[in-house]
Amino acid sequence: VRSRVNSEFVGELLMRCALMLAVGLTVVFLPRAFDDYFNYRLALVGIYFISIVGLNVVTGYNGQLTLGHGAFMAFGAYATTVLTTEYGVSVYWTIPVAGLVTGVFGLLFGFPALRLSGVYLALATFGLAVSVPLVAKRASGWTGGSAGKVLPLPQSPIGSLSTNQWLSYLTWAIGACLYVAAWIVLRGRFGRAFRAVRDAPIAAVAAGLSLARIKTLAFAISAAYAGVAGALLAIAIAFVNPDTFPVSLSILLLTGAVVGGLGSLEGMLFGAVFIQFVPKWSESINNHAPTVMYGLILLGVLLVAPGGAAQVVSRLIVRLKQTFRPLYSRTSRSSPATQRSET
Amino acid sequence: MRRFLFALGTAVASLVVALPGALASGHADPGVTSKLVSIGGTFPLSGPASSYAPIPAGMKAYFSYVNAGGGGKGRGVNGRQISFTYLDDGYNPAQTVALTRQLVESNHVFAIVGSLGTSQNEAIQQYLNQQKVPQLYVSTGATEWGANNKQYPWTVGWQPDYQSESAVYGRYIAANMAGAKVGVLYQNDAFGKDYIAGLEVGLGASHKSQIVATRSSEPTDTSVTNQLLDLRRAGVDTLMIAELPGQTITAYATMAKIGWKPTNIFTTNVSATSTFLPTAVRLAGAAAVDGTITTEYQKDPNDPKWANDAGMKLYRAIMAKYLPGADPSNGNYAYGMAKAYTVVQALRAAGKNLTRESLMNAALHMNDKSNPFLLPGMVTKTNGSKDAFPISQQILARWQNGGFTTFGSLFDTRPKGL
C-alpha cells in the first residue's frame, strides 16, 4: 500500500509539474509573440496567480473568508521597497524576505483574529485592508506617503530579453514553484487538516486537531504568498504608493479566486487572467462598468457554477468522457469477442 | 491525467493563436514616421485635481490647429501630423505609472508630453530616463525638473519653478512686511515642500525665523480645517497656500467659516488663477479672497487688457474652431495651448530627422520669444543641463474686485547656481 501511495504521489506530482511546464512554455513563447506591454501584463497575471493561490489556501481549503489579502500584498511590497531604497538590498533577495516577513505578520495577525470566524473574520480582515494604506500614507519616512517610492526597474540579466520579458519569466518561474509547493502542502497532512477544519470543525477537534493552530497556519501561508506577490508587484511596477493597494484590490482578488474556483489551484490561472484583464476590458466599455461587471460575473458564477472556472472545466471533461466512453468501451469490448468467434 | 491533457491542449492552442501576432521591430525611434509623430501624456481628468482636465484638451486643440496648417509653415510639423493621446490617471501616481507604461510600450508613443503632477512625474521619471523616452514639459513647476537635469537628462520642465516663485513672495515679505508672522499650508509632497524651501531663501537667513508654523495635507484629504486652526493658533498673520485648486478653495471657504482673515495671503500660481478664485469668492465671500497675491506668466483670458491682443484672439479662434462649447475663459485651456506652442517649437527645431535625442537637444537649447500665449517679453530659454528651466519670468499680481491686477514689472527668477 505504501509504495502505491508513493507512486501515486510521484505520478501526480509529475503531472502538476507538467501542467506548470505547459504554462511555463506558454509564458516563454507568448512574450515573443506579443508587444512588450503584453509581457508586462503577463507578469502581472503571474503576480495575481501567486496571490490568489495563497488566498485559496486560506479561503478555499481552510474555509476562512478574508477581505484583507491586498493588505498583505501591500506589506510585502513595502518590505521590498524599504529594503531596496533604504538599505540597498538587491530586489531579488527581497522577494523571499518579503514572503517571510509577511508570513510572520499574518501569523501575528492570525492569533487574535482567528478567534473570530465567518463574517466577523471577514470584517476584521477588511479593517486591515482599509487601514494598511492609511498607515502607509502617514509613515511617509519609510513609505514616501501618498507620493510613493520609486524602485529601480530591474534590467534583464539575459541580454536578448527585454525588461518586461524578464519580469514575466521571473514571476512565472516563482509562480510555478509556489504552485507546486502549495499542492504538496495541501495534498498531505496539513491539507487534510485544513479541509477537516473547514468541513467539520467539531469533528476535527474531536480528532485531536487544534483549530487555532491550523487556522493560523493557513493564514500565515496565505499571507506569505501575498507577501511574495506584493514584492513582485513592487519590482514589476517599479513604484509603490498606498493607492496601489486600495480596498478594492482585496475584493478583486477574492472575486478572482471565486471565479477561478475556490478549492482548485489550477482554477487560479483563470482567476489571475480575470483579475488582470476584466477590469481593463470593462473599463473600455464604460468608466463605471468594472464594479457592475464584477457584481454580475460573481452572481453568475455563484448561480451557475459555484466552483468557478475549475468546476466548469471538470464538468466539461466529464461530459466529454460520457460522450466518448460508449464508443471507446464498445470497440474495446467487442474486439476480443470478434476475435474469439473468428478463431 | 485528462485534466493535464486539457491544460496542455489549452497551452498549445494559445500558442498557435499567439504566434502569428509576432511583431517585427524597426530601428527608428518608436512613434515617429515621415507622416506622423505620436506623443502622449497622463492628466487628472477625474479625482482631486480634475479641475486641470482642460489642459490636455487645450494642448490637443493647438495641435489640431497646427496639423491643419495653422502657424503658417505647412500642415503639421516638418510634414508630420501630431497625434496626441492623453489618459486619465486620476492624480494617482500608481495610475500614472501604469498608463505611462501603456503609452510607451503599447501605444508606442515617441515622447511623454505634459504629464501633470509632481509626485506623478517623479513616479515615472526614473523609468522614462532608463528607457530614454523624453519626459517633455511636465505640467508641474517643481524645481527638481530643472535642477536635476544632469541626473535625468530626458526630463525637462516648462513653467516657472515653485522655489523661485516662493522666493519672490519671501523677498516681497522681507521688503514690505517687516515683522510678519508667516505660516504655510502645503501639500505634503515635493510640490508643497518647494514653497517652504523657496520662502526660506526669499526671506533670507535673517528673516527665516518669521516662519512660525507649517501644516500639510494630503491631496485626497477633504478638509484642511485642523491645519488652519493650528496656523491661526500659532499667531500667523501672513498665510501662504501651496495647495491644488480644490484644497485652496476649501482653505478660503474654511477660513471664512472659522472667521479668520490673515492680513496677507500668498497663493501658488497653480491655484490662484482667474479660473479658480471666483469659486473661492462664491464659497467664502469676496472679503476672504481679496488681497491674495500670486504671480503670473501667461496671459489671463479673463483680463480685459488682452481683449485685442493678437495672441488671445488666436486663442479664442482656436477654441471656437476645435473646442466649440468649451469655455474659453477657463485659463487652463490657455495654459495647455501655451505649452503645446513650445512643444511644436521643439519638434520644429528637432528637424526633419526627428529622433528622441534630437527632440531633447532642441528642448534643452531653446531661445524663443514668440509664444503668443505668454506675457509680452517672456523668453522660453534653456541651455543644456546648465539651465533646464524653460520659463522663469513672472510678475506679481493681486486679486481685487473679482480679477487679478499685475503690479511691479516682469522679472527673471531663473535659479542661479542650481
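This report looks at selected residues, strands and salt bridges in a predicted model.

Ser250(A) belongs to helix α11 of chain A, which covers residues 247-260. With a relative accessible area of 1%, Ser250(A) is buried. When its neighbours within four places in sequence are left aside, the residues in contact with Ser250(A) are Leu67(A), Gly68(A), His69(A), Gly70(A), Ala71(A) and Ala129(A).

Tyr78(A) is found in helix α3 of chain A, residues 69-87, and it is buried as well, with a relative accessible area of 9%. Leaving aside the neighbours within four places in sequence, Tyr78(A) is in contact with Ala136(A), Thr143(A), Val240(A), Asn241(A) and Pro242(A). Between Tyr78(A) and Leu178(A) there are 100 residues of separation in sequence, and the distance in space is 21 Å from C-alpha to C-alpha.

## Strands of chain B

In chain B, four strands form an open sheet, in which the order is β2-β1-β3-β4 and the pairing is parallel. The edges of this sheet are taken by β2 (81-88) and β4 (135-136) of chain B, and because each of them has a single partner strand, one side of each is left without a neighbour in the sheet. For β4(B), the pairing with strand β3 of chain B (residues 111-113) is parallel and runs over 2 bridges, and within it Val113(B) has Leu136(B) as its bridge partner.

Another parallel pairing in chain B joins strand β7 (residues 238-242) with β8(B) over 4 bridges, where the bridge partner of Ile241(B) is Thr267(B). On the way from β7(B) to β8(B), the chain passes through helix α9 of chain B (residues 245-257), and this β-α-β crossover is right-handed. In a regular strand, side chains alternate between the two faces of the sheet. In strand β8 of chain B (residues 264-267), Asn264(B) and Phe266(B) are on one side, while Ile265(B) and Thr267(B) are on the other, and since these residues are all buried, both faces of the strand are covered.

## A salt bridge in chain A

Over all chains, the structure holds 9 salt bridges. One of them is in chain A, where the side chains of Lys137(A) and Asp243(A) meet at 3.9 Å, taken from N to O. Lys137(A) lies in helix α5 of chain A (residues 118-138), whereas Asp243(A) lies in the loop between β2 (239-240) and α11 of chain A, so the pair ties together parts that are 106 residues apart in sequence. Lys137(A) is buried, with a relative accessible area of 13%, while Asp243(A) counts as partly exposed at 27% relative accessibility.

## Salt bridges in chain B

In chain B, Asp230(B) forms a salt bridge with Arg233(B), and their closest N and O atoms are 3.1 Å apart. Both residues lie in helix α8 of chain B (residues 225-233), where they are 3 residues apart, about one turn of the helix. Asp230(B) counts as partly exposed, at 23% relative accessibility, whereas Arg233(B) is exposed, with a relative accessible area of 64%. These two residues are also linked with Arg215(B) in a network of salt bridges.

A further salt bridge of chain B is formed by Asp309(B) and Lys299(B), whose closest N and O atoms are 2.9 Å apart. Both residues lie in the loop between β9 (293-296) and α12 (310-322) of chain B, so the pair ties together parts that are 10 residues apart in sequence. Asp309(B) has 17% relative accessibility and counts as buried, and Lys299(B) is also buried, with a relative accessible area of 6%.

Technical notes: Residues are numbered from 1 along each chain as its sequence is written. Chains are lettered from A and ligands numbered from 1 in the order in which they are written. This is a predicted model: local features need pLDDT of at least 70, side-chain atom pairs count only at pLDDT 80 or more; totals for chains, interfaces and linings use all residues. Side-chain values use heavy atoms; hydrogens and water are left out. Buried means under 20% relative accessible area, exposed over 50%, partly exposed in between (1.4 Å probe, protein chains only). Contact means heavy atoms within 4.5 Å. Two strands pair if DSSP finds at least two bridges between them. A crossover is right-handed if, with the strands pointing away from the viewer, the path from the first strand over the helix to the second runs clockwise. A salt bridge is a side-chain nitrogen of Lys or Arg within 4 Å of a carboxyl oxygen of Asp or Glu.
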